[in-house]
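This report describes a predicted model.

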Amino acid sequence: PYLNEAVGTYFLAAGRTGRDFATFAAACADAQVNAKIICLQNDYERHLLQYNDHSNIEIIANAAEQSYLYDQLTPVMAKARAICIPLFSYKSHLAGLTSLTDALALGKPVLMTRNNFIDIDIEKEGIGFWIEAEDKEGWKKALKRLEDAELCKAMGEKALALAKQGWNIELFSDEILESIKG
């Protein structure tokens, strides 16, 4: 019910773990694209206060994880132009997988900071672009590329096809069952 085939009007960055919202917000401000950031209050207070006066950036800050539930987030994601996953540089753990999975399920292009713990190549799959950690210019370039509505639509279609092909609960369950059987 949340799949939205229209190309959205804003770039969405939402999440908790390891998000570099400041670099993303700076790139959106410089690129003059519409963005929505959904974050925790402490991330807002530490990194995003200076973006209050930017009319193209909407920030929703929540005091606790429970104050913005998934059923509220899903329709916002469905209306986004792309799902953006700006991360700090990580050498030791996974971050951003839930947002990536959401993008696939909703048929949205992905802009994501490169994370070696993500085992899907979003560029090779044709569903998005990698950006290096803390690379404001890289974010600006990627945001500008996705101003192309036809490119967004094509990437979104590939993302949804990938979700149906190999990133779904039925296939995951089958793989777990096969692993248990040995």
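## The largest pocket

Helix α4 supplies four residues to the lining of the largest pocket, the largest share. At least two residues each come from β1 (11-14), β2 (35-40), α3 (70-78), β4 (82-85) and α4 (97-106).

The space in this pocket is about 540 Å³. It is lined by 27 residues, and those closest to the centre are Ala-14, Gly-15, Arg-16, Leu-73 and Thr-98. By type, the lining residues comprise 17 nonpolar, six polar and four charged.

## The sheet

Strands of a sheet pair through backbone hydrogen bonds, in either a parallel or an antiparallel way. Here six strands form an open sheet with parallel pairing, in the order β3-β2-β1-β4-β5-β6. The edge strands, β3 and β6 (128-131), each pair on one side only. From one strand to the next, the twist averages 15°.

Two of the pairings can be followed in detail. β2 runs parallel to β3 (residues 57-62), and six bridges join them; Lys-36 stands opposite Glu-58 in β3. β4 pairs with β5 (residues 110-113) in the parallel sense over three bridges, and the bridge partner of Ile-85 is Met-112 in β5.

## Helices across the sheet

Which strands does helix α1 (residues 21-31) lie across? Helix α1 lies across β1, β2, β3 and β4, and runs at about 165° to β2.

Helix α2 (residues 41-48) belongs to a right-handed β-α-β unit with β2 and β3. α2 lies across both of these strands, at about 120° to β2.

Note on methods:
Residues numbered from 1 in each chain as written. Predicted model: local features only at pLDDT ≥ 70, side-chain atom pairs only at ≥ 80, totals over all residues. Heavy atoms only, no water. 1 Å grid on protein atoms, 1.4 Å probe; cavity = no way out; pocket = protein on both sides within 12 Å on 5 of 7 lines; lining within 4 Å. Points joined across faces, edges and corners; volume = space filled by probe spheres on them. Nonpolar A, V, L, I, M, F, W, Y, C, P; charged D, E, K, R; others polar. Pairing = 2+ DSSP bridges. Right-handed = clockwise from strand over helix to strand, strands pointing away. Axes fitted to C-alpha atoms, helices over the stretch in contact; angles between N-to-C directions. Contact = heavy atoms within 4.5 Å.
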